[in-house]
Amino acid sequence: MTNQAAKRTGPDASYDDPSFSLKRWLSSDGNLTRLFVIMVVVFVTMTVLSPRTFLTLDSFSSMAFQFPVLGILSLAMMLTMVSGGIDLSIVGIANLTSILAAMVMVRLVPEGASAGTSFMYMLLGIVCAIIAGVLCGLLNGFAVAKIGIPPILVTLGSMQLFMGLAIVITKGQAIVGLPEQFSSIGNGSHIGIPVPLIIFALCVAAVYVLLNRRPYGMKLQLLGSNPTASRYGGINNTVVLLKTYALSGLLASIAGLVMIALTNSAKADYGTSYILQAILVVVLGGVNPNGGFGKIAGVVMAVLTLQFLSSGLNALHVGNFFKDFIWGIVLILVMVINAVSPRLKWKRRAAGSSKTSS
Amino acid sequence: MPKALIELNHINKSFAGVHALKDVSLRIEYGEVHCLAGENGCGKSTLIKVMSGVHAPDHGEIRIDGQLRSGLNPIEAINSGIQVIYQDFSIFPNLTVAENIALNGELAARKKWINWSKMRQTAKQALDKVGVDLDLNAKVEHLSVADKQLIAISRALMHEAKLIVMDEPTTALTQKEVRALFRVIEGLKRDGISILFVSHKLEEVFELSERITIMRNGKNVISERADQLNREKLVYYMTGRQIDESYYEIGKQSGTPLLRTDNLSLKGCFEHISLSIHPGEIVGLTGLLGSGRTELAEALFGLTPATSGEIFRDGEPVSIRSVQDAETHGIAYVPEDRLTEGLFLEQSIERNMVVSVIDEQKDKWGMIDRRKVKSAVRSWIQKLGIAAHSPLAPVKTLSGGNQQRVVLARWLAASPKVLILNGPSVGVDIGSKEDIHQVIRELAGQGLGVLMISDDLPELRQSCNRVLVMKRGRIIGEAEGKSFTQEVWSELHDARDDDAGPVERRGNTA
């Protein structure tokens, strides 16, 4: 082997450097850098436009109660999208499972139960909802992985199925009168931090570990980028997909619980607009819709950006009609930038390397 | 000097700092079969793109029929009679044969309505020129690679081609199809059409061409009449190093085979396969595409489990129903199609290497141990001499040879006992090919059993101690590795030609 080739075989220096650097991390992925800039720009713009309403503790605290539901749903969407699929049934799962929880908490509790008993029923409701969420997810996963139906069709069908089931169970009525202890999850704070925000943070941490530190996460990303190669590479695609849709269902049920705790009631058609918003957040966050790639930081920044935009527009008294319009613009803009900038980056990098090599 | 069909003089071309062509000259005479040889990444493809007007050269001149052509663009090149058939043929799989051949012409003529009968007529004429008979109404996606190629050639002839450039035309063809293609090329030559044949398969280069131009690292090394060159010289010019040709031999094997199959069958694919692989053996397996060789490999690897028969590992009967089973029993498989079956193109080299052993990289918390992964990746990059800028770069940035080493590294990391290689050197340059063979021999020397599926006779001859020949789902013969020549192969293959000749291409007009 020639000297030059030997030099090229040596991994580059950053590969060996174990330390973490924010600059390197941001610059390692152009999308994250751009997203960070966009988030800051939106934040600053909103601050400048309405300093007295946007940049207040009240407004921040209300944001912290608002975005976690969408945030958790986006995490679920993200996982399925990294696998190369999609989960349109997340809101359906959220509603169905939260209705189950509400029924356990409201209807099963014996008349005049003590605080302790009703607390036990509350826990039972939560557990039921989560188990039901996992089962719903497994149903999706089974149809996708075992039967081989395209995920978009499977989850479109199951979205209708779950929603229909929820309507049948409730006869279209809302279930109200959740125990106070439970509502405090949605509206209370723990050491000054709103509980929904804490739940969101825990979900983010859990998904981060799963995606980046556990073998499952690497398998998921590889499967997402080429399912044939992953099969030839010894990955059990069926197991990975089942886990992914089950996780998606689990996260959806958590989102559902937070949602009914916030509104203090459960209903079959809550939050249907969240499906498209979750897709928007995930794509905005740089998750590749073709599968294989996705960074959790991107999704978090995307959901924050949209929340800043949404709260800022509210502070400006811009109607809800405008909100959708502006979200649409942001999404398309970001996708255009994402499509264009890799080419620019490639040119820059090539120019840079020619300078250093000569 | 009399004028040539096309002359490229002192062409230079850089892409964003990479100097792809350095002062390259090429001259193609009228009615000449010219071969452009060189390893992958030496600039052959770039040169073709300069010739066909896709890339404009930074310096240098292009002369067609003696006329200086500056600012040549693809349409002008086509109008001057230069046609390029790329590796993927640029055909439309969802259209019929006739549409694929004649549609371009119809569109170029800016017709508003399609005259179907005229289109079929032109398509028929074009096919006749090449001398093939295909069903004009057949959907192209159902045809074989060889037929697709013939369609691309026919289409090229529609445009009054004077020069047809074929970029690696034989990579996906069987021996028989290669023969047929060569006959077509000879026919074209008789009609006065020049052919530029791009290849790195040495046999073909010598058989076909009158003149050979060899490129290395973006420069042309030599341009010479074919009869002035021989195999050794050619390899030397292509790689810049001497490669000795030796054979792999081991003594007679006794004892328990690593892998043995008994009457293994998969309905519709192969039947009654009984073979054994001993430690240290490199067993070749060849046969035409569709002979069941790939299906056999995939059955042994659990991708499409066999329907009957038995598999023994170290003498113990084992059940291989899934890839996970195969892994448990120490069987590894480097698939045929590196790009779709082997690699995660967009993912990093590192991930591509550890995919099969992710579960072994866990720390006590069940998390991936980054340090373990990195040190494994580093050591494989070094052991196999993979030329990569960074292990975190997408694997698609590597050359074919290096990509193949990545797939190999992935399976070697799983420390298999039996390694099945399907076309280990397809699309791999000579230097990498030799390196890969060397690695395989070393591993076999350490007691690994290897089953090597290949179309490449010299590869089988040099690497394998014995070679099995498959035909229509059965093993029909076996030969000693070093004596496995073209003649032996034909003899074995044609010996049992009792029933109805080899499967002819489908879609013939009845």
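In the predicted model, B:Val283 has B:Arg466 as its bridge partner in strand 20 of chain B. B:Val283 belongs to strand 14 of chain B, where it lies on one side together with B:Leu285. Strand 14 and strand 20 (residues 466-471) of chain B run parallel and are joined by 4 bridges. Strand 14 of chain B also runs parallel to strand 19 (residues 449-453) of chain B, again through 4 bridges. Here B:Ile282 stands opposite B:Val450 of strand 19.

Burial extends to both faces. B:Ile282, B:Gly284 and B:Thr286 are buried on one side, and B:Val283 and B:Leu285 are buried on the other.

Chain B also contains an open sheet of 6 strands. The strand order is 6-7-8-3-9-10, and the pairing is mixed. Strand 6 (82-85) and strand 10 (219-225) of chain B form the edges; each has a single partner strand, so one side of each lacks a neighbour in the sheet. From one strand to the next, the twist averages 15°.

Strand 3 (residues 33-37) and strand 8 (residues 194-199) of chain B pair in the parallel sense over 5 bridges. In this pairing, B:Leu36 is opposite B:Val198 of strand 8. Two helices of chain B are described next. Helix 1 (residues 44-51) of chain B packs on the sheet and touches strands 3, 6, 7 (163-167), 8 and 9 (211-216) of chain B. The direction of helix 1 makes about 155° with that of strand 7 of chain B. Helix 6 (residues 175-190) of chain B also packs on the sheet, touching strand 3, strand 7 and strand 8 of chain B. Its direction makes about 150° with that of strand 8 of chain B.

In soluble globular proteins, nonpolar side chains tend to be buried together. The largest nonpolar core in the model has 174 residues. A:Ile72, A:Leu73 and B:Ile420 have the most contacts inside this core. Helix 14 (residues 237-263) of chain A gives the most to the core, with 15 residues. Leaving aside residues up to four places away in sequence, A:Leu73 touches A:Ile90, A:Val91, A:Ala94, A:Ala252, A:Ala255, A:Tyr274 and A:Ala278. A second, separate core has 67 residues, including B:Leu8, B:Ile64, B:Leu143 and B:Leu163.

Note on methods:
Residues numbered from 1 in each chain as written. Chains lettered and ligands numbered in written order. Predicted model: local features only at pLDDT ≥ 70, side-chain atom pairs only at ≥ 80, totals over all residues. Pairing = 2+ DSSP bridges. Axes fitted to C-alpha atoms, helices over the stretch in contact; angles between N-to-C directions. Contact = placed C-beta atoms within 7 Å. Core = buried A, V, L, I, M, F, W, Y, C linked by C-beta atoms within 7 Å. Buried ≥ 20, exposed ≤ 12 C-beta atoms within 10 Å, placed from the backbone.
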